[in-house]
Amino acid sequence: MKKLLCSTIIIIALINIAACKGKQEETKPKVITDPKELIEVKCTACHFSSRIFEKKQPVSRWVDLVNRMRSRNPEMISVEEANRIVKYLQENNSVPDEPGEEGTETGAESGAGHGEEIPADADSPEAYE
Ligand code: HEC
């Protein structure tokens with residue numbers, strides 16, 4: 001009798017697991033376009049977002065920095081998402097580039113570093129050779 005009860009419980013558990021799996025497959029991956037949300041979702045896999053906002057970076061540094069972060073796990077963050085994140089951080093969490101660098105005399109107003117993007121073919125293996 002105890003054995004029967006046990007196997008009944010196991011069977012119910014298995015049915016539940018199967019049902020859950022089915023549900024998960026139905027839900028499509030959500031496309032995130034809000035850069036703030038992107039940072040919260042994509043950039044917090046390895047560290048807290050406080051790591052990103054604790055220090056303002058020179059405008060032109062964000063492209064390289066985000067690209068470096070992305071290269072650790074390129075499947076997790078697409079080039080498009082990375083560029084959205086770069087743009088957001090350049091606008092909201094940066095300091096003007098170091099003085100003395102080309103075209104930065106007018107500071108942040110000049111928009112130095114803006115428009116720079118991670119190349120779309122950053123995914124191709126050659127990019128890492
Ligand atoms: C695969 C893991 C991983 C992901 C994903 C990741 N990071 Fe990082 N991040 C790290 C590690 C490890 C360090 C510390 C070592 C270093 O600086 O490279 C770090 C450090 C940093 C720093 C401090 C670096 C400095 O030089 O001051 C910033 C800023 C940062 N990450 C931003 C981001 C942003 C923005 C994203 C999302 C686009 C991101 N990270 C996603 C692993 C990750």
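Student: Leaving aside its neighbours within four places in sequence, which residues is V66 in contact with?
Tutor: V66 is in contact with A82, I85 and V86. Contact means that two C-beta atoms, placed from the backbone, lie within 7 Å. This is a predicted model: local features need pLDDT of at least 70, side-chain atom pairs count only at pLDDT 80 or more, and totals for chains, interfaces and linings use all residues. Residues are numbered from 1 along each chain as its sequence is written.

Student: Which residues of α4 are buried?
Tutor: W62, V63, V66, N67 and R70. They are called buried because each has 20 or more other C-beta atoms within 10 Å of its own; exposed means 12 or fewer, partly exposed in between.

Student: What puts them on the same side of α4?
Tutor: Their arc, taken from the directions from the helix axis to the C-beta atoms. They cover only 125° around the axis, so they share one side of α4. They pack against β1 (57-58), α5 and β2 (94-95). Helices (H or I, at least four residues) and strands (E, at least two) are DSSP runs, numbered from the N terminus.

Student: What makes a set of residues a nonpolar core?
Tutor: Its members are buried Ala, Val, Leu, Ile, Met, Phe, Trp, Tyr and Cys residues, joined through C-beta atoms within 7 Å. The largest here has 13 residues. W62, V63, V66, A82, I85 and V86 have the most contacts inside it. α4 (61-71) and α5 (79-92) each give two or more residues. α5 gives the most, with four.

Student: How many residues surround the ligand?
Tutor: 18, the closest being C43, C46, M69, R72 and N73.

Conventions: Near = placed C-beta within 6 Å.
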